[in-house]
2 protein chains.
Amino acid sequence: MSADDDSGRPANLSRTVGIKQVAAHAGVSPGTVSNVLNRPERVAEATRARVEKAIRELGFVRNGSASTLRAGHSSTIGLMVLDLANPFFTDVARGVEDIASERGYAVILSSSGESDERERRNLRVFAEQRVRGVLLTPVGDDSDACDRLRERGVPVVLLDHPTPRASQCSVAVDDVAGGELAAGELLAGGARTLAFVTGPMVLRQCADRRKGALRALRAAGLGRDALREVAVGAMNARSGQEAARRLLEAGPPLPDAIFCANDLLALGVLRVLLQAGIKVPTDVALIGYDDIEFSAAAAVPLSSVRQPTYQLGRIATELLLEECDTAGGHAHQQVMFQPELVVRESSRSASGGAP
Amino acid sequence: MSADDDSGRPANLSRTVGIKQVAAHAGVSPGTVSNVLNRPERVAEATRARVEKAIRELGFVRNGSASTLRAGHSSTIGLMVLDLANPFFTDVARGVEDIASERGYAVILSSSGESDERERRNLRVFAEQRVRGVLLTPVGDDSDACDRLRERGVPVVLLDHPTPRASQCSVAVDDVAGGELAAGELLAGGARTLAFVTGPMVLRQCADRRKGALRALRAAGLGRDALREVAVGAMNARSGQEAARRLLEAGPPLPDAIFCANDLLALGVLRVLLQAGIKVPTDVALIGYDDIEFSAAAAVPLSSVRQPTYQLGRIATELLLEECDTAGGHAHQQVMFQPELVVRESSRSASGGAP
DNA sequence: CTCTGGGGTTGACACGTTTTAATACGATGA
DNA sequence: TCATCGTATTAAAACGTGTCAACCCCAGAG
């Protein structure tokens, strides 16, 4: 009585159980089964029950490829972020998944790893899968790949990336303001020389936060030469360590304070500084960006700039699905949030406390 | 060889450009285009060049749904982890993505959030998408949903989850040994009473690490009553904080040391302890599990148990793809890695140093 | 009784690709 | 010259679902 071969048991092993098999089992036509699945209100209560019973009994699972093929688009959306290992983006992803699954959409999650070649490759996979729409945190500013998608009729919402173009939706946080907040906090603490530790400048996040820092410097009456820039290849803790080592190797006059474009960078910097016996914030003040969960628990609790990450994901997804569901008349929106300064120990220099 | 019917202008707006349009443009049959895409060696150099030119000019992108429908399965694999916000799993995911994309597979990444209902729902999405195979870190031990997939002919490799069943592949790390290492380290430091902070016991990871801890206790000649267990609802930092508060509220005789089933839990515990003015490791020693990147940078650098995360993902994917590509004769493997103790400050109690 | 209307159901086709059996064609050997 | 063979290409038949026009049947109106 082992369930080895097809010995009279319900058709578990029958190669594939499709809409037709269900129809036969329920004594209706395939069209009716399709109606039960897609417009249940059009089919009489009794037949509907019979079909649903058959579906359960046969363990039918709708073939998504066939649906997609017929419909011209699937019920999945693609989400492409810069770095899956960054808690900032996993928070965003959580917001995306929550809204999407609430509305019956599945999410294909993908990461470009800050490489535009991987971005292109993964966007092509999205295109092949005929995703319904795409949420994209672009690596560069070249909107080329993005435009090709939109030409194909695939809505794209830019995520954590503002756009001046009225022809598309975007959700972002004001990184210039955030950079100004961060640098301003360091300057208010008494710093006269700053270092800016950053990832690749092609990343808009880095460029904007730098711009904000420069603005703060100017407001404090300091020149551009008060800012030393250290650019590394990625925005993770490992690169942060490299940046700190470079700063140390550069020689004795360390900057008064360091602004990192990212909490991951800041944690890496912090680690190397402490290992070198440098006191934070006494010797050097430090501030990061994103306010990820681990920053508060760091060796020296890290000051940072908080962004509404989860909201970012939610709003972006709502905009995208709105654009998908609306036929033609969709009003594109460019949403911009404001960041918030979070002051912890790493920037509370002994000298410059509260005013 | 002159323009056939299209009047000079690139066919951007033609509703959908499929294999047929390419064929017409290149003056061949659709079958030949398909051959160019899938078995280029079968088609003459000259025609192949012509077809490839047409593909570029029309911006053709193969329709994955149609391929999948025809083939019966797609060229994507599904990856379901317990918690995307846990760096342990993002490291694993990196290993998976690297191997998969190397072999021309795309990855659909999904997270059950330690909820078996979400696990079932997301596995159903995998089934609808007709993924080629699934990498699964199951929430519970009920292999039901998993079995249904395998009945459908979808290979499933268990990830971070050992199995005694010879009928399926699995890749795991010995969590009993790891738990024993962790608790052993605390006991070697002089602790006589322990707390075990853990997530839901349905999670095998938690159950096994507890088993290892008990084994270490026994080896040290201590009874089961030397271990106080604090179980919380999830394995993240927030729950860790809750656990620590519960320990503090329970009254003055704190345990000598705390073993957390997870670094996230440990970081949460650490934070609350420090805020309460409790010295780590002097008053209470602490050890976590997974050795995530942030543990080394914590307020008190966290001792932990390291696992070969990236390798875990790689090997699991290799096994899965091997099973997918092999027709029938596939030898299932159960791979088990050994964990490694990483001692840092949080477990170096003043009393018990080196032997 | 017939006629009309409408809810419920059906059947057939289309979606874009892959695959298989069949075809065209030029070259080779008898 | 014809038969044979191999290579390059083609036409046609699936894959499983959604859609839409057609159809059936019965209730109610005339």
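A: Let us begin with a definition: helices (H or I, at least four residues) and strands (E, at least two) are DSSP runs, numbered from the N terminus. On that basis, chain A of this predicted model comes to twelve helices and twelve strands.

Q: What does the radius of gyration of chain A say beside that of a compact globule of 355 residues?
A: The rule for a compact globule of 355 residues gives a value near 20 Å, whereas chain A has 26 Å. Along its principal axes, the C-alpha trace of chain A spans about 85 × 55 × 35 Å. Buried residues account for 50% of the 355 residues in this chain. Among contacts in chain A with a separation of 6 or more, 72% join residues 24 or more positions apart.

Q: In what order do the six strands of the open sheet in chain A lie?
A: As a general idea, strands of a sheet pair through backbone hydrogen bonds, either parallel or antiparallel. Here the order is β2-β1-β3-β4-β5-β11 in chain A, and the pairing is parallel. The edge strands are β2 (106-111) and β11 (334-337) of chain A, each of which pairs on one side only. On average, neighbouring strands of this sheet are turned by 15 degrees against each other, direction ignored.

Q: How many bridges join β1(A) to β2(A), and which residue stands opposite I77(A)?
A: β1(A) and β2(A) run parallel and are joined by six bridges. Within this pair, I77(A) stands opposite V107(A) in β2(A).

Q: Why is strand β1 of chain A described as largely enclosed?
A: In a regular strand the side chains alternate between the two faces of the sheet. In strand β1 (residues 76-81) of chain A, six of the six residues are buried, so the strand is largely enclosed by the rest of the structure. T76(A), G78(A) and M80(A) point one way, while I77(A), L79(A) and V81(A) point the other way, and all are buried.

Q: What is the strand order of the open sheet in chain B, and why do β2 and β11 of chain B each have a side without a neighbour?
A: Six strands of chain B form an open sheet in the order β2-β1-β3-β4-β5-β11, with parallel pairing. β2 and β11 (334-337) of chain B are at the edges with a single partner strand each, so one side of each has no neighbour in the sheet. Within chain B, strand β4 (residues 156-159) and strand β5 (residues 169-173) pair in the parallel sense over three bridges. In this pairing, L159(B) stands opposite V171(B) in β5(B).

Q: Is V305(B) buried or exposed?
A: The test is a count of neighbours: a residue is buried if 20 or more other C-beta atoms lie within 10 Å of its own. V305(B) has 26 other C-beta atoms within 10 Å, so this residue is buried. V305(B) is found in strand β10 (residues 304-306) of chain B. Leaving aside neighbours within four places in sequence, its contacts include G178(B), L181(B), Y289(B), D291(B) and P339(B).

Q: How many residues does each chain give to the contact between chain A and chain B?
A: The size of an interface is often given as the accessible area lost when the parts come together. Here the description is by residues: chain B gives 34 residues and chain A gives 34 residues. On the side of chain B that touches chain A, the largest share, five residues, comes from α4(B). By class, that side of chain B has 19 nonpolar, eight polar and seven charged residues.

Q: Which residues come nearest to DNA strand C and to DNA strand D?
A: Of the 29 residues around DNA strand C, the nearest are S29(A), G31(A), G18(B), I19(B) and A66(B). The largest share of the surface near DNA strand C, six residues, is supplied by α2(B). Its classes are eleven nonpolar, 13 polar and five charged residues. Of the 27 residues around DNA strand D, G18(A), I19(A), A66(A), G31(B) and T47(B) come nearest. The surface near DNA strand D has eleven nonpolar, eleven polar and five charged residues.

Definitions and conventions
Residues numbered from 1 in each chain as written. Chains lettered and ligands numbered in written order. Predicted model: local features only at pLDDT ≥ 70, side-chain atom pairs only at ≥ 80, totals over all residues. Near = placed C-beta within 6 Å. Nonpolar A, V, L, I, M, F, W, Y, C, P; charged D, E, K, R; others polar. Contact = placed C-beta atoms within 7 Å. Rg over C-alpha atoms; globule rule 2.2 N^0.38 Å. Buried ≥ 20, exposed ≤ 12 C-beta atoms within 10 Å, placed from the backbone. Pairing = 2+ DSSP bridges. Axes fitted to C-alpha atoms, helices over the stretch in contact; angles between N-to-C directions.
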